[in-house]
Amino acid sequence: MEIDANSVALTNTQHIYDLVNLCADFGVEKAVVCPGSRCAPLLIGFGKHPKVEAISITDERSAGFVGLGLAEATGNPVLLVCTSGTAAQNFAPAVTEAFYQQVPLIVITADRPPEWIDQWDGQTIHQENLYRDHIKGSFIYDEDHIDVGKKALELAMEGATGPVHLNVPIREPFYPDSLNEIYFSTKHTKDTKRDFNKVDNAVWDEFEGLLNSSEKVMVLGGQISPNSDLVELMNQLDALVVGDVISNLHGVNGIIKSADLLFKHLLPTEHTKDTEDFRPELLVTFGRSVISKNLKLFLKDHKPKHHWHIGMGMVGDPFQSLTKIVEGDPVVIFKKWVGLTTETLRHGDRQIDEIGFTAETGRQVENFKSIFQKAQAETNSRLAKILEESDFNYFSAIKKVIDELPENSVLHLGNSMPVRIANFIGINDSSIEVRCNRGTSGIDGVLSTAVGHALGSPEKNHTLIIGDLSFFYDRNGLWLNHSFPNNLQIVILNDRGGGIFNIIPGPSNQNGLTDLFTTPHNRTAELTAKEFGLDYRAATSLEAIDGWEAGILEIFTDMEINTKTFKRLTTETRRHREND
């Protein structure tokens, strides 16, 4: 009997088209797909589905980070699709970043049937559990296990969101004779999500007791997506609020935003007898990682008596002081905190101020806050003076870029020096959204992530500040089989090498081996801009940094001047007033 290859192909792939429709039913609107043959049914399915936009990118490593940026920008899960073999391994850096940043990526990797593993068949490797510990869940999706598709999508979006992996073995033949023969199954329904925002009354009673007995309370925000409701709630608390630039809390009045500089110079002043005065009795944290190394060192050495963390998913303990985890959305929890205090005031059971402290301790709390806020004001003044007195350097250059950002725009910060410099400078415009790959803090994929974010929110202007090595490392982020976003400004800090290694003590003291750390070069981005049709500008002075403009702005600075400025900022920023 003659075998109808087309019928077999349709039989071999119908469950894959059903998976495509399942993803659409779960709210997936964008799929980043990488060309290949074994993944053909997936490319056909997502390319044909009316509710999913397929964005084709050749380099899987860049594609993974573009998908990461798209998911961050839209708040919806984004698909990553690739063929079998090492193509799937190239998604690993982006999957790892998504895991630590709690970004919902649905990773679908085509595979050979299991009997062909380790049989010297082309593009065949061990793909099951490929991403191991950096994934919320891994599943094998085939004709006999189609139920795992729904499980994977629900897992990606439940609680603390994150990446999931569906490995899809595909048998030949899998190319249909005509796209008109492809159809999608009926809609699927989602299960009801568990409510993660219910907190037991006993927890609130314990928390209220700590507030009433603690004279020094610090609220510390780690990296978190912009949230205007959260900022508004922070402004209703009379507690000390501390946040790096990546906390997106720059709309909070009186926030301590220069922690790295302040905690490097915690010397006795007229307000304090010793550094013990800075030790919080109650530390309330939310969000993820914190940039400021000196803050982390201080809290490790001056551990709070109580440390509560609010959030979902993986919780780190960077100060080795964590005493309680409250699982829930920080907005919901802080709203309850504000409401709890208001209710207490209304009933007049005790004389308590607006954040739950007794009137007797209210004065001490205010002193705790004012010490930091006066130090912050002094730091702001001294930082401005140092930058004004210094020759052109990448601290003053980034300040100029930040000062000229359009309102309601997005600032992307590269790792290594860009995010640290921006953290020194700070942001005053509360409408600016800050993004950075601080899940793993790598320099790979920074450009690609910003590209994905710009594609995902075309209504906003985006600015990426990136180091030269990071830019050249990720140039394939510019290589889209798709029109390049015209709402992205790429600002390259070109100091002709890994400048941070000329600053930090270890590598800079290695004499003749320093070049192995700094990787010196003489490259510029001018030809890269020409290759990809992007406008190019070069700047060697503050005057040349003039407004926002899509394309590439390459800023050239002298590493010796940068190093000198850095040393002044970190040694002179916080001084006694009488010495200024």
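Me: In this predicted model, what covers the buried residues of helix H2?
Reply: The cover of the buried residues of H2 includes helix H1 (5–25) together with strands from the sheet. The buried residues of H2 (residues 40–48) are themselves Ala40, Pro41, Leu42, Ile44, Gly45 and Phe46. Among the elements that cover them are, besides H1, the strands S1 (30–33), S2 (53–56), S3 (78–82) and S4 (105–111).

Me: Which strands are the edge strands of the open six-stranded sheet?
Reply: The sheet is open and its six strands, paired in the parallel sense, follow the order S2-S1-S3-S4-S6-S5. From one strand to the next the twist averages 20°. An edge strand pairs on one side only, and this holds for S2 and S5 (137–140).

Me: Which residue of S6 is the bridge partner of threonine 109?
Reply: Strand S4 runs parallel to strand S6 (residues 164–169), and six bridges join the two. Within that pairing, the partner in S6 of threonine 109 is asparagine 167.

Me: What angle does the direction of helix H3 make with S3?
Reply: Two helices can be described against this strand, and H2, which packs on the sheet and touches S1, S2, S3 and S4, makes about 145° with the direction of S3. Helix H3 (residues 60–74) likewise lies across S1, S2, S3 and S4, and its angle to S3 is about 170°.

Me: Why is strand S10 described as largely enclosed by the rest of the structure?
Reply: Strand S10 (residues 306–311) is paired with S9 (residues 282–286) through five parallel bridges, and with S11 (residues 324–327) through four bridges, also parallel. In these pairings histidine 309 of S10 is the bridge partner of threonine 285, while glycine 311 stands opposite glutamate 327 in S11. S10 is largely enclosed because the number of its six residues that are buried is five.

Me: What is the handedness of the β-α-β crossover from S9 to S10?
Reply: Between S9 and S10, which run parallel, the chain passes through helix H10 (residues 293–301). This β-α-β crossover is right-handed.

Me: How are helices H13 and H14 oriented to each other, and how many charged residues does their contact have?
Reply: The axes of H13 (residues 394–403) and H14 (residues 417–425) come within 10 Å and cross at roughly 70°, which means that H13 is roughly perpendicular to H14. On the H13 side, Tyr394, Phe395, Ile398, Lys399 and Ile402 take part, and they meet Met417, Pro418, Ile421, Ala422, Phe424 and Ile425 of H14. By class, this contact has ten nonpolar residues, no polar ones, and, as for charged residues, one.

Technical notes. Residues numbered from 1 in each chain as written. Predicted model: local features only at pLDDT ≥ 70, side-chain atom pairs only at ≥ 80, totals over all residues. Heavy atoms only, no water. Buried < 20%, exposed > 50% of the residue type's maximum accessible area, 1.4 Å probe, protein only. Pairing = 2+ DSSP bridges. Right-handed = clockwise from strand over helix to strand, strands pointing away. Contact = heavy atoms within 4.5 Å. Axes fitted to C-alpha atoms, helices over the stretch in contact; angles between N-to-C directions. Parallel < 35°, antiparallel > 145°, perpendicular 65-115°, else oblique. Nonpolar A, V, L, I, M, F, W, Y, C, P; charged D, E, K, R; others polar.
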